[in-house]
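Biologist: Could you walk me through this model? I'll ask as we go along.
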Amino acid sequence: MPFWKNLSVIRKLVQLLAFVFLVYGSVFIGFYSADKLSGAFPALACAYDAQTADYCVLIPLQHQFGHLLGPAINAGAFGMSVIMPILTTLATFLILFVLLNKAFCGWLCPLGFFQEVLGMIGQKLRLNRTDSLDSKLVDRIRPAKWLMLGLLVVLFPLASGMGFAGHELGDPFCKICPSRILTSLAAGQLNQLYIDTSSTGYMILSIIADTFFGLILVLSLTMRQPFCRICPMLALHAMFRKVGLVRLVKNYTPRCDKCGLCAKACPMDIREIHTSKEKDILFPDCTLCGRCVEFCPDKDVMTMKYAVIPIIVSDPQYFKERNRAQKAWEGKQKPSRRAKKA
Amino acid sequence: MIRTVIGATLIVALFSFTAQAAMHWSPAPMKHGHGGHDRHAGKPFVLTEGAGAAVTLLTPKLVAKPMSVEQARVVVTSTGMDNYHALVATRSSGDLHESAIRYVYMFGKPSGESPSDIMAYEKSALEIEPSPYAREHWRYLSDTEVVFKVRYKGQSLPLAIVTMTTSNGGSAEFKADEQGVVRFTLPEDFSDIKPGRMANRPGEFILSARYEEGGGTHLTSFSSAYHVNPNHWQSTGLGVAVVAAGMLIGGLVFVCKRRKEKS
């Protein structure tokens, strides 16, 4: 299969370009422009990276909850100076999000790309990869992203701003975010890889951050997208997914009940795409990577659309070629669980 | 009583420090230790050795607004524009031309301008340009390298001598290269360092340069805050060790999972 026809290869190239832009982008757009492009980018682009070209929306959200909304609640004064920055952040996020919907996760997020690259290395190292997690485990993990969003992005910063919690919890997600460590390391900085001994709170947060990062380094080799499953950005995207222009559509057929290849191809283990009889199959955990469409063997059953324009439609010929390309990539390693089941 | 002593100490420290330097800007001592989170509040600055100087505030769109100085003090209030502004004091007396420049970040609506423009804009004949200025989430830290460029009438000034003084008593002299670029490490001269960013007050460093041409003398200063390097309470070595521990845990999870699958 020529690489320009392979959606996964195209996606990897886009991810690579996005990684270069988001990690080293200020080299191209200028040092000071780095924090000015949007300030509300819907993927984990880190402001602590000295060469970044954009900001992750979770940074201003935490700061605005902690520095604006919290003190405003305490003072009982909600002026425009409190409301406007939060609305501006959300509006900027939404404008970008409408354009690409959850594809920000699957196509642009630097941490998502890093985990996929590690996964590819794991495949080449012939580690015994588990392509699909146990469904009970997946169900147990799913609420974690909402907890991460609710506690680390909203509640803790708010509590810190209202004086109920220390400064440590002013931007707790950033404190534990593995993308902060990854992107700053990629930019040649060691200053985000540390244990902070200035207080117990900072020490705990830095230990969690570094442990997370170590876990991701190893787990990504053997399972798909370990951090994405608990990422608060995934939850934030899920809240607004109905307004995005990119859609994932299914034309259910009875053959779907017997197949299930789409669910096995899904890196986020969304088994509902296989069982759902609904047209809209953009589930909260979806990253719009398009693998389900690629690995659907039936014509026109699954489609990824941009508004009303189909981007990729499931097709038996494409499926055959894509499957062959996948096997050629995986080489003579032990067959994966997916292959065994197939 | 304690407040009075702290206030007096601050004023003494400020003036004993400023007495050694050319006309320059420094933040005015605040009534409260913490600046608070009102991002739109005015920011007061003191112009030292600046009697008779004309003061302007240059907006990100490079529009100069005259500022009134009262008892060597100016308050920079919101211009409604986000981004870096330049506080510029200039004074000419006979053949002596002096300037003092400080960059101030003000919040407001996005200016749509790159701070590169205001840094590169000729604010005085002789100027020390930060290259680059420490932007948001970045700050000047002790024991880290900084880079500046010395310009005269918009052109690089090769081999210029730049003098640095700090509010912590540090001083040094540096020579620019052929391109007018001067690199140096900010001194690690804070005493009584406490763990934590919020626990330490920033210091001030002033860079000044002098250039003589055609019988005229030009003096300029650039001033900015610098902070205690967090390396004092952040250990990269420990960080690497914890990442390794995380990898070990990940490895154990993988091994356990594999055994479970086999059994």
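Modeller: Asn101(A) is buried, because 24 other C-beta atoms lie within 10 Å; a residue is called buried at 20 or more other C-beta atoms within 10 Å of its own, exposed at 12 or fewer and partly exposed in between, with C-beta atoms placed from the backbone. This is a predicted model, in which local features need pLDDT of at least 70 and side-chain atom pairs count only at pLDDT 80 or more, while totals for chains, interfaces and linings use all residues. Residues are numbered from 1 along each chain as its sequence is written, and chains are lettered from A and ligands numbered from 1 in the order in which they are written.

Biologist: Where is Asn101(A) found, and what is its phi?
Modeller: Asn101(A) is in the loop between α4 (80-100) and α5 (103-108) of chain A, and its phi is near 55 degrees, a positive value in a residue other than glycine. Helices here are DSSP runs of H or I with at least four residues and strands are runs of E with at least two, numbered from the N terminus.

Biologist: And Leu288(A), buried or exposed?
Modeller: Leu288(A) counts as buried, because it has 25 C-beta neighbours inside 10 Å. Leu288(A) lies in the loop between α15 (272-275) and α16 (291-294) of chain A, and has a positive phi of about 55 degrees although it is not a glycine.

Biologist: Switching to helices, how do α6(A) and α11(A) cross?
Modeller: The axes of α6(A) (residues 110-124) and α11(A) come within 6 Å and cross at roughly 55 degrees, where axes are lines fitted to C-alpha atoms, for helices over the stretch in contact, and angles run from 0 to 180 degrees between N-to-C directions. That angle makes α6(A) oblique to α11(A), since angles under 35 degrees count as roughly parallel, over 145 as roughly antiparallel, 65 to 115 as roughly perpendicular and the rest as oblique.

Biologist: Which residues of α6(A) and α11(A) meet there?
Modeller: From α6(A), Gln115(A), Leu118(A), Gly119(A), Ile121(A) and Gly122(A) meet Ile216(A), Leu217(A), Ser220(A), Leu221(A) and Thr222(A) of α11(A), a contact being two C-beta atoms, placed from the backbone, within 7 Å. These residues divide into five nonpolar, five polar and no charged, with Ala, Val, Leu, Ile, Met, Phe, Trp, Tyr, Cys and Pro counted as nonpolar, Asp, Glu, Lys and Arg as charged, and the others, Gly among them, as polar.

Biologist: Tell me about Leu221(A): why is it buried?
Modeller: Leu221(A), in α11(A) (residues 200-222), is buried because 21 other C-beta atoms lie within 10 Å. Setting aside neighbours within four places in sequence, its contacts include Leu125(A) and Leu127(A). Leu221(A) is also 8.7 Å from Glu116(A), C-alpha to C-alpha, although the two are 105 residues apart in sequence.

Biologist: How many residues of chain A are in contact with chain B?
Modeller: On chain A, 33 residues are in contact with 33 residues of chain B. The elements giving two or more residues to that side of chain A are α3 (58-75), β1 (195-196) and α11 of chain A, and α11(A) gives the most, with 11 residues.

Biologist: What joins β1(A) to chain B?
Modeller: Two bridges join β1(A) to β16(B) (residues 234-235), and the strands run antiparallel; strands pair if DSSP finds at least two bridges between them. Within this pairing, Asp196(A) stands opposite Gln234(B).
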